[in-house]
Amino acid sequence: MTIEDRADLEYLFTEGRNPRTRDLDTLDTMGILAVMNDEDHGVADAVRRALPDIGCVVDLVVAARRAGGRLIYLGAGTAGRMGVLDAVECPPTFGTDPGDVIGLIAGGERAFVHAVEGAEDDPELGAADLRALGLREQDVVIGLTASGRTPYAIGGLRYARSVGASTAAVSCNPDARISQEVDVAIEVVTGPEVLTGSTRLKAGTAQKLVCNMISTASMVRTGKAFGNLMVDVRPTNEKLVDRAQRIVTDATGSDRHTAALALDAAGGHAKTAIVMLMADCSAEHARVLLDRTGGDVRSAVEIVD
């Protein structure tokens, strides 16, 4: 770390000392919990102020998905873990291929459960991880960093720009260094942490909220929901089989037995079963209709109408 970098840290809101928690160690259990809860209340407001920029990133991801591109999160530490967590939850929730949404964390997969010291300080590692994925210009790369200055994320984003991929960043400081490296900068200013510098707290919560929004909104925009139902859910266990049946029932107004039969005929795919029942057609024809509409249930049913 250079002297310039050390000086930079002194001006980061996320590294500042919170005047409201200076006596944290003197509080009892309920006092600590209350002050943490008070501080957390401001996170959602900070995210709301960033909604226009979040919306721009969602539009980038929607365009990328329609062009066959991928959403790739890139980060270190807690921020990197938020990206990995969001990515691994997309296949069971939205029925996506594991390669459609990817989370990269400095230090590799083992860094998700064990800290890999120094990995975040090498910008070339970020570029190398993206290079190993065969990054394409159709992809969107989102750098996640509370401080807004993580070399791993910055190095990866510079590489992404060099190949023509769309880029965005999510940071928790104003005028973040990483914001200068991307097409769209999301700055969610959460302020000093309850425990000084512990960005797994408010900053980590903000990163999770933003990732939730980006993936969910982009999936909804690309046909992965019908109303507010997860119609591409993969019924890979008993709980999800029950959920898939309830989804088909709710979407079509059918009884549970009819929904179960349709799901069996559709190979467990709720979206196909819904179109079968709403369009009164076979599973094969339902798949044809969904292919014609890019997987959008509402549009597929309207074709029949």
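Predicted model: local features only at pLDDT ≥ 70, side-chain atom pairs only at ≥ 80, totals over all residues.
**Entry 1**

Residues are numbered from 1 along each chain as its sequence is written, and side-chain values use heavy atoms, with hydrogens and water left out.

H3 covers residues 51-66 and H7 covers residues 202-221; they pack at about 45 degrees with their axes 9 Å apart. That makes H3 oblique to H7. I wrote down the scale: under 35 degrees is roughly parallel, over 145 roughly antiparallel, 65 to 115 roughly perpendicular, and the rest oblique. Axes are lines fitted to C-alpha atoms, for helices over the stretch in contact, and angles run from 0 to 180 degrees between N-to-C directions. Helices (H or I, at least four residues) and strands (E, at least two) are DSSP runs, numbered from the N terminus.

On the H3 side, the contact (heavy atoms within 4.5 Å) includes Leu51, Ile54 and Val57. On the H7 side, Val210, Met213 and Ile214 are among the residues involved. By class I found 11 nonpolar, 1 polar and 4 charged residues. Ala, Val, Leu, Ile, Met, Phe, Trp, Tyr, Cys and Pro count as nonpolar, Asp, Glu, Lys and Arg as charged, and the others, Gly among them, as polar.

**Entry 2: H2 and H7**

Next I checked H2 (residues 29-49) against H7; their axes come within 10 Å and cross at roughly 35 degrees. This crossing is right-handed. Glu39, Asp40, Val43 and Val47 of H2 meet H7 residues including Lys202, Thr205 and Leu209. The contact of H2 with H7 has 6 nonpolar, 1 polar and 3 charged residues.

**Entry 3: the sheet**

In what order do the strands of the open sheet stand? I read E2-E1-E3-E4-E5, 5 strands with parallel pairing (strands pair if DSSP finds at least two bridges between them). E2 (101-105) and E5 (184-187) are at the edges with a single partner strand each, so one side of each has no neighbour in the sheet. The twist averages 15 degrees from one strand to the next.

E1 (residues 71-75) is joined to E2 by 5 bridges. Gly75 stands opposite Ile105 in E2. H4 (residues 77-94) lies across E1, E2 and E3 (140-144), at about 155 degrees to E2. H6 (residues 151-162) also packs on the sheet, touching E1, E2, E3 and E4 (166-171), and its direction makes about 145 degrees with that of E1.

**Entry 4: H10 and H11**

H10 (residues 270-279) and H11 (residues 283-292) pack at about 105 degrees, with axes 8 Å apart. They are therefore roughly perpendicular to each other. Val275 and Met276 are among the H10 residues that meet H11, where I noted Leu289 and Leu290 among the partners.

**Entry 5: confidence**

Last, I looked up pLDDT (the predictor's confidence in each residue, from 0 to 100). The mean for the protein chain is 93, and 95% of its residues reach 70 or more. Over residues 1-7 the pLDDT is below 50, and this stretch has 4 contacts in the model beyond near neighbours in sequence.

Definitions and conventions:
Left-handed = near helix turned anticlockwise from the far one by under 90°.
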